[in-house]
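Please open the structure in your viewer and keep the selection tool at hand.

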Amino acid sequence: MTGPLLVVDDDADLREALEEVLRDAGYSVTGAINGKHALDVLGDMSSLPVLVLLDMMMPVLDGAGFARAMRQVPAWRDIPVLVFSASANARQVAEEIGACGHLRKPVDVDTLLDAVRRHQAA
C-alpha cells in the first residue's frame with residue numbers, strides 16, 4: 001500500500017467513479033471538486049498524496065492554476081501530477097504545468113491503474 005491519492009475533478013460522477021476504481025485497486029483516495037478545494041484539502045491531509053490526478057477544465061480554480069499554486073508551497077512542490085483531460089492538447093498542457101504525464105478522457109481503467117503505478121512518488 002502506498003500513500004494517498006488526490007483526485008481533482010469538478011464532474012462529480014467521473015470523480016466518484018475514479019475514486020471507486022482506485023479504492024478497489026487498494027489505494028487510499030481523497031477527492032476535490034476544483035483547484036481551490038484541492039489546495040484546501042492538501043492543507044488538511046495528515047499525509048501528503050503520492051500523486052495528484054488533475055482535471056484541467058474546472059470552475060473556481062482550473063488545473064493550471066492549482067498546479068502553479070501547489071508548486072509555490074515547498075512541502076507540495078515535488079508531488080507528482082498526472083493530468084487527465086478531454087482536450088486534444090492534453091500532452092502540451094501537461095508539459096506546461098510540469099506534470100509527470102497525461103491521460104485522455106474518457107479514461108480507460110487499465111490505462112489509469114497502469115499510469116498511477118508508474119507515476120506515484122516513491
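The stops below cover a helix, the nonpolar cores and some salt bridges. Please bear in mind throughout that the model is predicted.

**Stop 1: helix H1**

Select residues 12-24, which form helix H1. This helix has 13 residues and reaches 18 Å from its first C-alpha to its last, close to the 18 Å expected at 1.5 Å a residue. At the start of H1, find Asp11: one of its side-chain oxygens comes to within 3.1 Å of the backbone nitrogen of Asp13. After the helix comes Gly26, with a positive phi near 100°.

**Stop 2**

Which residues of H1 are buried? Select Arg15, Leu18, Glu19 and Leu22 to see them. Viewed down the axis of H1, these buried residues fall within an arc of 100°, so they line one face of the helix. Next, show strands S1 (5-8), S2 (29-32) and S4 (81-85) together with helix H5 (109-119), against which the buried residues of H1 pack. Then select Asp13 and Asp24, which are exposed on the other side of H1.

**Stop 3**

Return to Glu19, which forms a salt bridge with Arg15; their closest N and O atoms are 3.8 Å apart. Glu19 also meets Arg23 in a salt bridge, at 3.5 Å from N to O. Arg23 and Glu19 are four residues apart in H1, about one turn of the helix. Is Glu19 buried or exposed? Glu19 counts as buried because its relative accessibility is 11%, whereas Arg23, at 41%, counts as partly exposed.

**Stop 4: the nonpolar cores**

Select Val52, Leu54, Met70 and Ile97, the residues with the most contacts inside the largest nonpolar core, which has 24 residues. Among the elements that give two or more residues to this core are helix H2 (35-44), strand S3 (51-55) and helix H3 (63-71). Now centre the view on Met70: beyond its neighbours within four places in sequence, its contacts include Leu39, Leu42, Trp76 and Val81. A second, separate core has 16 residues, including Val50, Leu82, Leu112 and Leu113.

**Stop 5**

Finally, select Lys105 and Asp55, whose side chains meet in a salt bridge (3.1 Å, N to O). Lys105 lies in the loop between strand S5 (101-104) and H5, while Asp55 belongs to strand S3, 50 residues apart. Asp55 counts as buried, at 5% relative accessibility.

How values were computed:
Residues numbered from 1 in each chain as written. Predicted model: local features only at pLDDT ≥ 70, side-chain atom pairs only at ≥ 80, totals over all residues. Heavy atoms only, no water. Expected span 1.5 Å × (residues − 1). Buried < 20%, exposed > 50% of the residue type's maximum accessible area, 1.4 Å probe, protein only. Arc of directions from axis to C-beta. Contact = heavy atoms within 4.5 Å. Polar contact = N/O pair within 3.5 Å; in protein donor to acceptor, adjacent residues only side chain to side chain. Core = buried A, V, L, I, M, F, W, Y, C linked by side-chain atoms within 4.5 Å. Salt bridge = Lys/Arg side-chain N within 4 Å of Asp/Glu carboxyl O.
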